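I opened the model today to look through its helices and a few loop residues. My entries follow.

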Amino acid sequence: MAILDYNPDIWRHALDLGDAAPPAALILEGTWWREKATANRLSHLDNVRELNFPDMFAGEWQGTNIVYCCAYGAARAVEPAHIFAQLGTPLMVQIGTCGTLDMATTTGMVMLPEVCAARDGISQIYGAEPQVHTDPHWVARAEAHLRDKNIKTARASHLTWPSLFAQSDEICAGWMDEGLESVDMETSAVIAAAGYFGASTVSLLSVWDALPRGRTFMDPLSEEEAAALHRSNEIVYDVALQLAREADTIR
């Protein structure tokens with residue numbers, strides 16, 4: 001049987017979940033710095049255990065069961081999103097960093113994709129249209145929490161692209177001409193897989209690269225910019241946990 005045709009019991013057995021209810025949320029983070037990010041995020045949780053698949057960690061936050069997974073790129077992020085959406089987890093929360101295509105956007109702001117151009121190479125396998133959408137309710141809740149914590153936000157017309165490296169100046173200029181405002185490597189694939197099984201997705205992405213200015217992750221940030229990015233990354237995870245708790249109360 002091909003994996004797309006599996007039933008949920010196969011995943012439940014493979015992960016050794018028993019009869020427990022699925023987690024309220026799956027929090028996915030796209031970053032190269034997997035070990036550092038995972039240690040940081042899991043330090044906020046209680047009763048942490050790694051599931052039978054590597055880098056998928058179950059834990060509790062204020063009584064809410066969540067799973068955290070550091071998954072870089074669409075091809076990796078789609079796997080836990082597929083599994084937990086099929087198991088009945090109602091909310092996927094994508095966090096991480098993004099590149100901005102908007103000259104007015106500053107480092108440490110959080111982009112909240114509303115519509116996402118699905119050019120990740122995977123989404124259409126899940127029946128996605130060229131554009132996919134995050135859940136408006138969860139975008140609004142994320143925005144409210146972030147603003148309460150004095151984080152600047154922008155709702156975005158977003159792009160998910162297969163590679164951080166396959167971006168020329170000409171390609172980036174074309175994206176800007178389309179009106180796209182930010183780019184990452186995971187969001188649209190997570191939306192597509194989650195939607196295939198009836199789950200919702202919200203994406204909270206801290207701005208790092210400033211593509212219109214020619215700045216990539218290879219270019220140093222000022223001390224002030226680095227501090228803003230660090231603060232944003234920490235608060236984004238706090239908000240992701242709050243969203244998980246809210247999802248738990250309404251499912």
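This is a predicted model: local features need pLDDT of at least 70, side-chain atom pairs count only at pLDDT 80 or more; totals for chains, interfaces and linings use all residues.

Residues are numbered from 1 along each chain as its sequence is written, and side-chain values use heavy atoms, with hydrogens and water left out. Helices (H or I, at least four residues) and strands (E, at least two) are DSSP runs, numbered from the N terminus.

**Entry: H3**

I looked up burial next. Buried means under 20% relative accessible area, exposed over 50%, and partly exposed in between (1.4 Å probe, protein chains only). In H3, 11 of the 14 residues are buried, so the rest of the structure largely encloses this helix. Among them are Ala74, Val78, His82 and Phe84. The cover over the buried residues of H3 includes helix H1 (8–15), E1, E3, E4, E5 and helix H6 (187–196). Contact here means heavy atoms within 4.5 Å. Just past H3, Gly88 takes a positive phi of about 110 degrees.

**Entry: H1 against H3**

I checked how H1 meets H3. Their axes come within 9 Å and cross at roughly 115 degrees. That makes H1 roughly perpendicular to H3. Axes are lines fitted to C-alpha atoms, for helices over the stretch in contact, with angles from 0 to 180 degrees between N-to-C directions. Under 35 degrees counts as roughly parallel, over 145 as roughly antiparallel, 65 to 115 as roughly perpendicular, and the rest as oblique. From H1, the contact uses Pro8, Trp11, Arg12 and Leu15. From H3, it uses His82, Ile83, Phe84, Gln86 and Leu87.

**Entry: H2**

Which residues of helix H2 (residues 34–42) are buried? I find Ala37, Thr38, Arg41 and Leu42. They cover an arc of only 115 degrees around the axis, which puts them on the same side of H2. The arc is that of the directions from the helix axis to the C-beta atoms. An α-helix has 3.6 residues a turn, so residues three or four places apart point the same way. The face of H2 turned away from the buried side carries exposed Glu35, Lys36 and Ala39. Among the elements covering the buried residues of H2 are strand E1 (25–30), strand E5 (91–100) and helix H7 (223–250).

**Entry: H4**

Helix H4 (residues 136–148) has 13 residues, which should span 18 Å at 1.5 Å a residue; its end C-alpha atoms are 18 Å apart, which agrees. Its buried residues are Trp138, Val139, Ala142, Glu143, His145 and Leu146. They cover an arc of only 165 degrees around the axis, which puts them on the same side of H4. On the other side of H4, Pro136 and Asp148 are exposed. The buried residues of H4 pack against E5, E6, strand E8 (153–160), strand E10 (200–210) and H7.

**Entry: loop residues**

I placed Tyr126 in the loop between strand E6 (110–118) and strand E7 (131–133). Tyr126 is buried, with a relative accessible area of 14%. Not counting residues up to four places away in sequence, Tyr126 touches residues including Leu4, Val78, His82 and Tyr196.

Asp55 sits in the loop between E2 and E3. Asp55 has a positive phi of about 70 degrees although it is not a glycine. Asp55 is buried, at 18% relative accessible area.

Terms used: The expected span of a helix is 1.5 Å times one less than its number of residues.
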